[in-house]
Each structure stands twice: as C-alpha cells, then as structure tokens.
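Here's a quick briefing to keep open next to the viewer. Have a look at the structure first, then go through the notes below by topic.

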Amino acid sequence: MNTSAQASLGVPVAVGATGTDWDAVRADLRRYGTALVYGTLADWRPGDLAPDALRALLGRDWARYCDIAHEDIRDRYAASRRLLKSAAAAALHADAVDMELTYGPTGRPYLRGCDQIDITLSHTDDLLMVGLTTRGLIGVDAELADRRIYSKGLDRLICTPHERLGLGELAPEERNPRLVRLWTLKEAYSKAIGQGMQFRFTEFGFGPDGRPLQVNRPDGTPGAGAEWAFATYYLDVGDTEFCVSAAVYDAGLGRTFDTGITTMLDAEAAEALALALAAAAN
Amino acid sequence: MSLLERTADLLGFLDLIRDELGLDLSVQEAEADLDALPAWDSVHLLRLVMLIEQETGRRIPVASVLQARSIAQIHAHVVASAGGGPR
C-alpha cells in the first residue's frame, strides 16, 4: 500500500469478519481521532450467520434488506452494515447487535444515540470501507484504481476550471489516475457534509498530488482551512488496486480519548435521566 | 434517427445505456430504485449526461437529474431537458 496521507490520519486497517483484533482500530481512534478500516465482500458477506443472527445484527435495516430483490446487492448491503456495526462496536466497546443505524436525507448513515462518533461507508467491487471519527464529520470513498473515468466532456461535469487546466497539462496516461483520485476526494468530502452529489463537483476542487490537501474554490484558491483533513490511499486487495480517499472535519470540540459507550453519555443528560427515573419510581 | 429521437422512449434509452455504458437493464430494473441496481453508480450517471449533451448539443441540468431515484426518472428528466416529453 502506498499513501499520500496527511499525518492527521492513519492508514486503513484491514479487518476480517471473525477473529479480528480491533486494538489497532481503537489505537488509531486514540491517536488520530479517526480510524479507517476495510474488509472484503467475500469475507463479510453474511452467509455464515443464521437468519436470526443476521436479523438481530441488521436491526431496523432488516426490512430494507428483505426488500432488495437482487442477491448480490442484498449481500453487499448486509456485509457493509456488518462491517460498519462491527467497527463502531469495537470503537465503543459494545456489541455490534446493539448498534443502530439511522440515515439522513441523502442516505448518509449515523449511529443512533452515539453522536460522539461519526461514521461513513463506501463499497465498490470486493472492497468494503468504513471510517470512524470522534473529531466531527467523516466521509470515505473507494474506486477501482484503474476505473476509466477520464474523457473529454466528463471532466466538465466533475472538475473545477482550475482542475481541468491541471488535467490538461498532464501526460495523457496520467489524466485518468488523477481524475479517479479527484473523484474519490470529492465523493468523500460530499459524504462527510451529507450532500452526496447534490453539492456540484464543479463547485469545489482539490490540488494536485504530493501537496497537503485542501478544498479549493473553482479558481483554485483555498476554500477551507485546517479544520479539514484529506488523504488518499492506494490499497492492494487480492489482485486488485483501489483508490480510497477520506475527508475528516474537525469540529473543534477537542479530542475524545475514551470512546466506551458507557462513558460517552453526556454527564448532565445521564444525571437528568437518573433523576427522571427516580421520580418515576417514587 | 437522432439520439434524441432514439431515446425518446424508455426502451431506446435503455439501448443507449447498454451500448454506451455496457449495462444491460430491463424495463423492470429501470423502474427500480437506483440503489437496487448491481452495477449503477454516479459515474455512470455523469457519463450518460455527458453523452446526451454531446449528441444533442444541449446542456442537461445535472442537479435535477440527481434528484431522480430510478433510470425511468432519469429518462424523464433527460427527455424533458432536451425539449421533448417521455413517450
């Protein structure tokens, strides 16, 4: 794996569906406030789970899972939620079946009742990718590194004028890899802010490889400050190379070093709850 | 026959998707939610918009196409944007 990651983000951690030691994920959360984990569809697909166990794991997603007619999509849906809930549970020192997902208007997932940790999910081909952060917001996106995206005309729908100029100056064989990287960065950023593609990709851009990453305005001038951290990674999974980008927003609320679910309850809220329960008991 | 005429009905639109994007979709799949299509993603959507823009010489409002939740809805947006109505 090679990486152009910034120091504020660690490198993605490979995890298996069984027998995984999640210490590295928890260590990244403590060190960076962010952890990126990945697995394969083949490993995380739920074929080894009994129906009752899968239903318990998916929780409110079970109905949606049952509604999916296409078997491959159903498996991918279940596998990605299995990885997402397992990673979140590991971070929170909880059980995956106790993790409940809810979704925003654009389909962005959240951990219900655990808003101290933000989550994100991406899957393509055989790769499943999950991001966790205690800093604020996170988005990840993955694509096959050799996916053909670049073509004259398509860059107009994806890139800012500044990015198109940069692409045009590259050797032809370098344009598609650059555009795949830009695409994953834009998808990751859009996921982090919960906009999907509603926020047009031509309205914000990123700089070239090899420099600290930042969000740019369409003319290439900086559009955001140090509160955002971005990184791109190239993962070899099996015989396939994936381009993966992550975007993390630091809300400036300070670091959370103890992410245990029992210690992340807001103290005042917990006290109010205890008082209400006591009053009800009396 | 122009691309606009060829894609004015949904079957012609699906032919275009098959020929240009390599995705063979049935009418039933065209009516399904995009999330339920095995191979569809946003890159395909942008490639489709680009292709139609190049062939028709008209700009497709990407923001409205992004609201679509099925291929059939994308078709309706594209045809309306290109100056026709879905058949």
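Let's begin with Thr133(A), which sits in strand E7, residues 127-133 of chain A. Keep in mind that this is a predicted model.

**Around Thr133(A)**
- Thr133(A) counts as buried because 29 other C-beta atoms lie within 10 Å, and the cut-off for buried is 20 or more.
- Leaving out residues up to four places away in sequence, Thr133(A) touches Gly33(A), Thr34(A), Asp118(A), Ile138(A) and Val248(A).

- His93(A) isn't a glycine, yet its phi is positive, at about 55°.
- You'll find His93(A) in the loop between H5 and strand E4 (101-103) of chain A.
- Buried, exposed or partly exposed: which is His93(A)? It counts as partly exposed, because it has 15 C-beta neighbours inside 10 Å, and that class sits between 12 or fewer for exposed and 20 or more for buried.
- Asp125(A) is another residue other than glycine with a positive phi, near 55°.
- The loop that holds Asp125(A) runs between strand E6 (118-124) and E7 of chain A.
- Asp125(A) is partly exposed too, since 15 other C-beta atoms lie within 10 Å.

**Where chain A meets chain B**
- On the chain A side, 13 residues are in contact with 12 residues of chain B.
- Two helices of chain A, H5 (71-92) and H6 (154-158), each supply at least two residues of the side that touches chain B.
- H6(A) gives the most to that side, with 3 residues.
- Sorted by class, the side of chain A that touches chain B has 8 nonpolar, 3 polar and 2 charged residues.

**Helix H4 of chain B**
- H4(B) covers residues 42-56, so 15 residues in all, and its first and last C-alpha are 21 Å apart, close to the 21 Å expected at 1.5 Å a residue.
- Which residues of H4(B) are buried? They are Leu45(B), Leu46(B), Leu48(B), Val49(B), Met50(B), Leu51(B) and Ile52(B).

Terms used:
Residues are numbered from 1 along each chain as its sequence is written. Chains are lettered from A and ligands numbered from 1 in the order in which they are written. This is a predicted model: local features need pLDDT of at least 70, side-chain atom pairs count only at pLDDT 80 or more; totals for chains, interfaces and linings use all residues. Two residues are in contact if their C-beta atoms, placed from the backbone, lie within 7 Å. Helices (H or I, at least four residues) and strands (E, at least two) are DSSP runs, numbered from the N terminus. Ala, Val, Leu, Ile, Met, Phe, Trp, Tyr, Cys and Pro count as nonpolar, Asp, Glu, Lys and Arg as charged, and the others, Gly among them, as polar.
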